[in-house]
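Here is a short report on one protein chain. It begins with aromatic rings and then turns to the chain as a whole.

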Amino acid sequence: MSLNKNVLIAGFGDIGQRLAPLLIEQGAAVSAMRRSAMAAPAGVEIFQGDVTQADALAELVQQQQVQWLYLIVTPSAYSEADYRNTYL
């Protein structure tokens, strides 16, 4: 099976980094968005940004012509305000 899709993983932590190679193996073009900078794993284009900033996420989705979006996020801190900002 070949995906042939532009995929964005928004929230490229442990889970996203494990998902990316599986998608690439299936033929997807993978880009990722994360809060902190990191070296891009093979086959992944990294963009630095915060997925809770809807405008930045929407712009990246349009720019990369994303067909599938994986939203895998965690709060930046463990407070009620951060959980609300991330999930609501």
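Rings of Phe, Tyr and Trp count as a pair if their centres lie within 6.5 Å. Planes under 30 degrees apart are called stacked, those over 60 edge-to-face, and the rest tilted. The model discussed here is predicted.

**Aromatic pairs**

By that rule, the structure holds two aromatic pairs. One joins Tyr-78 and Tyr-83, with 6.5 Å from centre to centre and 45° between the planes.

Where do Tyr-83 and Tyr-87 lie? Both sit in helix H3, which spans residues 80–87. Four residues separate them, about one turn of the helix. Tyr-78, Tyr-83 and Tyr-87 together make up one aromatic cluster.

How accessible are the three side chains? The table gives the values for each residue.

| Residue | Relative accessible area | Class |
|---|---|---|
| Tyr-78 | 74% | exposed |
| Tyr-83 | 36% | partly exposed |
| Tyr-87 | 46% | partly exposed |

Tyr-78 has a relative accessible area of 74%, so it passes the 50% limit for exposed residues. Tyr-83, at 36%, is partly exposed, because that class runs between 20% and 50%. Tyr-87 is also partly exposed, at 46%.

**The chain as a whole**

The protein chain has three helices and four strands. Along the sequence they follow the pattern β-α-β-β-α-β-α. The radius of gyration is 13 Å, close to the 12 Å that the globule rule gives for 88 residues, so the chain is as compact as a globular protein of that length. Its C-alpha atoms fill a box of roughly 40 × 25 × 25 Å along the principal axes.

Among contacts with a separation of 6 or more, 43% link residues 24 or more positions apart. Of the 88 residues, 31% count as buried.

**Surface and charge**

The accessible surface of the protein chain comes to about 5700 Å². Carbon and sulfur atoms hold 51% of that surface.

How many side chains are positive, and how many negative? The protein chain has 5 positive and 8 negative ones. The centres of the two sets lie 6 Å apart.

Terms used:
Residues numbered from 1 in each chain as written. Predicted model: local features only at pLDDT ≥ 70, side-chain atom pairs only at ≥ 80, totals over all residues. Heavy atoms only, no water. Helix = DSSP H or I, 4+ residues; strand = E, 2+ residues; numbered from the N terminus. Rg over C-alpha atoms; globule rule 2.2 N^0.38 Å. Buried < 20%, exposed > 50% of the residue type's maximum accessible area, 1.4 Å probe, protein only. Contact = heavy atoms within 4.5 Å. Areas by Shrake-Rupley, 256 points an atom, 1.4 Å probe, with all protein chains shown as cover. Lys, Arg positive; Asp, Glu negative; His and termini not counted. Charge placed at Lys NZ, Arg CZ, Asp CG, Glu CD. Phe/Tyr/Trp six-rings, centres within 6.5 Å; stacked < 30°, edge-to-face > 60°.
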